Amino acid sequence: MPSTQTAAPSTEPSALTKLIETVSASGNPVEATTIQILHNLQQQHLWTNMQLHHISAPETSPETPAVPVLISGVPPHRVYTHPDEQLYMLEKGIREDDLRPERLFVIPTAQNQSWSLRRMASAFDAMSGIEFVEDKESLPEVDVEMTKKLDQYYEKREEAIATKEWGSTRMLLAMVDKNMGGDGTVVYYVVQEGEVKPRQN
Amino acid sequence: MDFQPTLPIPISFISGRYLLFSIDAVTYLRREHNTCGVLIGTLPQIPQQNVFLGLPLELMPEEARLLVDKGVACIVDEAKAQKDGMQSLLEEDRRQYLRELESQGLQAARIVAGRKEQQKEDYFKKSLEKKGKKKPNVQSKETSNGDPTASPTGPSTANDEPASLGDFFAGDSSSSRGTSNSTPNPQHTYGVTPTTSYPPLPHPSASSDAILSRPDVPLSYPLFAHMHTRGYFLSPGLRFGCQYVAYPGDPLRFHSHFLVVSAEWDQDINLMDIIIGGRLGTGVKKGFLLGGPQKEKPEDGSEIERTESVRTFSIEWAGM
């Protein structure tokens, strides 16, 4: 420890608190939640290429949008694979690590935040309006055969996205424990629009 | 197998429950309309046992409503229908009905007796082949014991099931055993108790005043109807603490896919409930399905537009 004994160590704010203070000048609690979850994704789950997407309210309603901001980033490993997709990959001998990392969207929420189907739906609607560029770098070098398989896979995936047979639009719902005495744990749930059959865990 | 009941099928409304008493209607609805209901009939002597339940079948109000809206079924005020029906029943009809039941009972007894006879012959033949000579007294003892299928030297396996079924009925009255053992044409007839009262009473028609209006349904009905139109079989969700359990096909063939919970569009949802449902669902290899109609319930109680406006979300634990 450096000799800064003048200030009591117990009152030293955490790195996260400092981050929230420096990044968010407004003191808006929603913004603080967002930063905290972004921080968690980056530091604990090692996500990269993080982005914040501010959602403007639709002009028809004067209220603030139900979900003002979405987070997106690229996880180091696949978070979700649809069971049928998994079967296809198994048949073709493709491992999850062979695939290009994918950008995933996250809805930041805090425990006890008011929530409803309308808010959930608005988050999905907002996400479909966001345009982003899929970064195609950082693919590991693979042999010719694998490249061929992967091309087939991506082609099939395009089809599956259109027909929704490998699941539909998906996002992560992140909820942070911010209650009195909460430990700042963040839990993540995969939310997909429509009826998507469960994975064979 | 492919029995077509007369439509609309009468659903008996008795003290607040929607019940079906006809096995033909039950199988038809399950086969053609993805409606399973819950069997609630137990044995009068052992009302506590709930391992093997039989008719009647209780339908959820949602199921009854859906069938009525589809025009497949109608709700009958059973108490009223019985009273009116019995009053209008003629003495001649009554006698003929009783005669019919009697002939059915006789027929059943004849079949059982014939089967017993067959069994006995098979058994005799077999044991003769097997042991050679010193059989006669042993055989007669075992057959009079009543259940040759229980002995390891019983009839061939192909015959097994119907034979034991016959024995089961034969066991109902010990007096019939003696006669049926001795003759294939017994004097004794079985008492047949039909589960439905529609052969003697007229089939309720849509114009009858015992027909009730469509059932009242909870706010979750649009989601129920939405899932049903997608081909899911829905059963009550008490077991998993949700509103419905959704199966992708007949529950006898498939594991369920979703724990279904409905909410109104602007209803406040505790985020913790989503976590609880998502985690429980993932724990039992299912998804947690949250959904609801975007429209509010209209004054006239019609649910068609609401059902069309349903949006659903499938939730699973992300594992991180």
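Strand E1 of chain B (residues 9–14) is largely enclosed by the rest of the structure, because five of its six residues are buried. A residue is called buried if 20 or more other C-beta atoms lie within 10 Å of its own, exposed if 12 or fewer do, and partly exposed in between, with C-beta atoms placed from the backbone. Helices (H or I, at least four residues) and strands (E, at least two) are DSSP runs, numbered from the N terminus. This is a predicted model, in which local features need pLDDT of at least 70, side-chain atom pairs count only at pLDDT 80 or more, and totals for chains, interfaces and linings use all residues. Residues are numbered from 1 along each chain as its sequence is written, while chains are lettered from A and ligands numbered from 1 in the order in which they are written.

## Around strand E1 of chain B

E1(B) has two pairing partners described here. Two strands are said to pair if DSSP finds at least two bridges between them. With strand E5 of chain B (residues 73–77), E1(B) runs parallel and is joined by five bridges; B:Ile11 faces B:Ile75 of E5(B). With strand E2 of chain B (residues 17–20), the arrangement is antiparallel and has three bridges, and B:Ile14 stands opposite B:Arg17. E1(B) and E2(B) form a hairpin with two residues between them. In that turn, B:Ser15 has a positive phi of about 40°.

Helix H2 of chain B (residues 61–70) contains B:Leu67. This leucine, B:Leu67, is buried because 24 other C-beta atoms lie within 10 Å. Leaving aside neighbours within four places in sequence, B:Leu67 is in contact (C-beta atoms, placed from the backbone, within 7 Å) with B:His33, B:Thr35, B:Val72 and B:Ala73. B:Thr35 is 32 residues away from B:Leu67 along the chain, and their C-alpha atoms are separated by 8.8 Å.

## A sheet formed by both chains

Ten strands make up an open sheet of mixed pairing, in the order E1(A)-E2(A)-E3(A)-E5(A)-E6(A)-E12(B)-E11(B)-E9(B)-E8(B)-E7(B).

The strands of a sheet pair through backbone hydrogen bonds, either parallel or antiparallel. The table sets out some pairs from this sheet, together with one further pair between the chains.

| Strands | Sense | Bridges |
|---|---|---|
| E3(A) (104–110) and E5(A) | parallel | five bridges |
| E5(A) and E6(A) (186–193) | antiparallel | seven bridges |
| E11(B) and E12(B) | antiparallel | six bridges |
| E4(A) (114–115) and E10(B) (269–270) | antiparallel | two bridges |

Individual residues mark these pairings. A:Pro108 stands opposite A:Ala174 in E5(A), and A:Leu172 has A:Val190 as its bridge partner in E6(A). B:Pro293 stands opposite B:Val310 in E12(B). Between the chains, A:Ser114 faces B:Asn270 in E10(B).

Strand E5 of chain A (residues 170–176) is mostly covered, with seven of its seven residues buried. In a regular strand the side chains alternate between the two faces of the sheet. In E5(A), A:Arg170, A:Leu172, A:Ala174 and A:Val176 point one way, whereas A:Met171, A:Leu173 and A:Met175 point the other way.

## The contact between the chains

The contact takes 29 residues from chain B and 30 residues from chain A. On the chain B side, helix H9 (271–283), strand E11 (287–293) and strand E12 (310–317) each give two or more residues. The largest share, seven residues, comes from E12(B). By class, this side has 14 nonpolar, eight polar and seven charged residues. Here Ala, Val, Leu, Ile, Met, Phe, Trp, Tyr, Cys and Pro count as nonpolar, Asp, Glu, Lys and Arg as charged, and the others, Gly among them, as polar.

## Confidence

The predictor gives the complex an ipTM of 0.85 and a pTM of 0.78. Where pLDDT is low, the predicted coordinates should not be read in detail.

How values were computed
Contact = placed C-beta atoms within 7 Å.
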